[in-house]
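Visitor: I have a model open and would like to learn how to read it. Where do we begin?

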Amino acid sequence: MSSPVDDPTQVPAVYAQSAPPALNAPALAERITAQVAIVGAGYTGLSTALHLAEAGVAAGVLEGREVGWGGSGRAFGQVVPYTKHADDHVLATFGPERGERLIAAVGGGPDLVFELIAKHGMDCQQIKRGLLFAAHNAGSVASLERRARFWQARGAPLAVHDGAAAEALIGSRYYPAVLHEPRGGCLNPLAYARGLARAAISAGARLFEDSRATAITRTGTRWTVTTAHGAVEAEHVVLATDAYTDDLWPGLRRSIIPLRGYSMTSAPLTDNLRRTVLPGGESLSDTRRLYSAIRVRADGRLQVSVDGPPFTAGATPFADKASRRVRQLFPQLGDVVWDGHSTGWVGMTADQYPHVHLLAQGVIAAVGLNGRGIAIGTLLGREVAGRVLGRPEHEQILPLTPLKPLAIKPIARIAVGGLIKLYRALDRRDLANGYVRPAE
Ligand SMILES: Cc1cc2nc3c(=O)[nH]c(=O)nc-3n(C[C@H](O)[C@H](O)[C@H](O)COP(=O)(O)OP(=O)(O)OC[C@H]3O[C@@H](n4cnc5c(N)ncnc54)[C@H](O)[C@@H]3O)c2cc1C
């Protein structure tokens with residue numbers, strides 16, 4: 001067992017090799033004042049800093065390790081316009097007004113990401129050709145059709161394709177149907193985190209790496225966030241630490257269940273093979289419960305998300321599962337040679353929604369991205385900046401929720417471990433009964 005706080009694994013080499021250089025920002029070594037102190041330099045914290053800076057508000061960002069050290073430097077790279085839950089679940093949970101606002105905002109999340117990339121000239125190897133969501137068995141086709149109808153009614157041109165059209169989009173006969181979602185895309189996650197950091201600094205934010213916040217104390221209406229060799233004194237504090245949350249604020253760490261995610265990367269495919277796999281450049285996932293994402297990166301490597309030990313330190317992913325999946329899906333690739341894997345912690349919450357907590361007057365936490373942080377973390381940063389700037393509640397997409405530490409976290413971990421085992425078994429069963437178009 002290990003926890004995100006003492007995790008020794010590095011950010012993926014395959015991302016670092018093709019990302020702009022690391023920031024090498026200084027550690028905080030003095031006492032400074034800022035209007036806002038932000039803890040955590042992932043998408044949420046950096047987007048908060050950027051949006052505040054663009055509104056003329058100076059923020060000091062404290063990062064315990066380096067920009068992108070958390071999930072933001074380790075994500076698979078899909079920029080997804082949905083929360084973890086289906087749209088009807090969002091509407092039932094948040095009510096018609098806020099639910100529609102949340103759905104619309106998250107639906108526009110990829111546009112926000114790609115607009116920021118363009119505006120600030122970031123080099124993220126972004127591919128904005130949409131996403132494919134395939135039905136992993138015949139029963140799931142209806143759920144994709146429901147999603148397409150929901151969005152078509154709101155003017156987004158989603159479409160479900162089956163038969164030969166699905167085969168042409170994927171480069172495989174494996175799935176009965178596939179939803180083409182034109183709004184999403186893919187990018188190098190670490191490059192995006194570094195790009196956001198550079199944009200925030202250019203706009204006026206101050207960033208400090210190797211600067212773990214160790215205490216937050218109040219003096220009157222102001223807060224002091226302390227590090228080993230310095231402190232930031234500010235009116236507002238934003239905690240944007242997701243799965244990597246430590247014990248800085250009482251109870252916050254216990255509101256999140258960190259879960260390990262893995263991905264594997266192949267040696268570059270030959271140009272001939274590359275043209276046969278996801279030829280339109282979309283990234284593909286399917287409707288099964290666990291780990292199904294697959295894409296061809298801009299450098300021609302195949303990347304797959306893959307199952308692995310959910311809580312163990314130093315563990316490696318189940319490579320045989322990745323190989324089996326690729327053989328089933330793209331038999332033309334033969335035995336793929338894997339030459340890298342990476343892992344990071346996903347911040348799950350009990351209800352699988354992100355949460356914005358007002359921890360005390362002037363202290364906000366935005367955590368629990370549930371594995372959907374590229375678009376939603378960027379949006380949340382804009383949202384939290386809006387709260388600091390005093391924007392009205394009716395403009396916010398997420399309500400302020402009370403902090404609810406899970407009473408007995410070890411038991412919650414066992415429950416999540418049990419749920420993963422159940423999901424593995426259900427996926428195995430579904431795939432055994434699944435639909436594969438017979439060879440002609
Ligand atoms: C394997 C994997 C695959 C994923 N794939 C996708 C995907 O394809 N698409 C998608 O949208 N999302 C994906 N995600 C989720 C996404 O990466 C996260 O939701 C997102 O990065 C969270 O961003 P964040 O800024 O909230 O937190 P993080 O990026 O985790 O940043 C938190 C930061 O806080 C710092 N920190 C913590 N405590 C302190 C402290 N006391 N002082 C200073 N700094 C501190 C940490 O060092 C860390 O850098 C994936 C995640 C993983 C792990």
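**Reading strands, helices and a ligand shell**

Guide: We begin with a strand pair. Strand β11 and strand β12 (residues 231-234) run antiparallel and are joined by four bridges. Keep in mind that this is a predicted model.

Visitor: Which strand pairs with β11 over five bridges?

Guide: Strand β10 (residues 215-219), again in the antiparallel sense. Here T226 of β11 is the bridge partner of A215. β10 and β11 also make a hairpin, this one with two residues between them. In that turn, G220 has a positive phi of about 60°.

Visitor: How do I read the two faces of a strand?

Guide: In a regular strand, side chains alternate between the two faces of the sheet. Now take β11 (residues 222-226). Its covered face holds W223 and V225. R222, T224 and T226 are on the uncovered face.

Visitor: Which residues of β15 are buried, and on which side does each one lie?

Guide: Both faces of β15 are covered. S283 and S285 are buried on one side, L284 and D286 on the other. β15 is joined to β5 by four bridges, and the two run parallel. Within that pair, D286 of β15 stands opposite A134.

Visitor: Let us turn to helices. Which residues of α4 are buried?

Guide: In α4 (residues 109-119) they are G109, P110, V113, F114, L116 and I117. Then look down the axis. These buried residues of α4 fall within an arc of 155°, so they line one face of the helix.

Visitor: What does the face of α4 turned away from the buried side carry?

Guide: Exposed residues: E115, A118 and K119.

Visitor: And what covers the buried residues of α4?

Guide: The cover includes β4 (78-79), α3 (87-107), β8 (185-186), α7 (189-203) and α10. Check the end of the helix too. Just after α4, G121 takes a positive phi of about 60°.

Visitor: Now zoom out. Into which domains is the protein divided?

Guide: Domain 1 covers 24-126 + 188-256 + 349-406, and domain 2 covers 131-182 + 260-344. Their centres, taken over C-alpha atoms, are separated by 29 Å. Domain 1 gives ten residues to the contact, and domain 2 gives twelve. The side of domain 1 that touches domain 2 has three nonpolar, five polar and two charged residues.

Visitor: Which residues come nearest to the ligand?

Guide: G42, G70, G71, G261 and G373, out of 43 residues around the ligand. Next, ask which elements contribute. Two or more residues each come from α2 (43-54), β14 (257-268), β18 (338-348) and α10 (373-388). α10 gives the most, with four residues.

Visitor: How does the shell divide by class, and from which domains is it drawn?

Guide: By class, the shell around the ligand has 18 nonpolar, 18 polar and seven charged residues. Domain 1 and domain 2 each supply at least three residues to it.

Visitor: One last exercise: where is R372 placed?

Guide: R372 is in the loop between β20 (363-367) and α10.

Visitor: Is R372 buried or exposed?

Guide: Count the neighbours. R372 is buried, because 22 other C-beta atoms lie within 10 Å, and the cut-off for buried is 20 or more.

Visitor: What is R372 in contact with, leaving aside neighbours within four places in sequence?

Guide: V80, T83 and K84. R372 and G77 are 295 residues apart along the chain, yet 9.8 Å separates their C-alpha atoms.

Terms used. Residues numbered from 1 in each chain as written. Predicted model: local features only at pLDDT ≥ 70, side-chain atom pairs only at ≥ 80, totals over all residues. Near = placed C-beta within 6 Å. Nonpolar A, V, L, I, M, F, W, Y, C, P; charged D, E, K, R; others polar. Domains from an automatic or database assignment. Buried ≥ 20, exposed ≤ 12 C-beta atoms within 10 Å, placed from the backbone. Arc of directions from axis to C-beta. Contact = placed C-beta atoms within 7 Å. Pairing = 2+ DSSP bridges.
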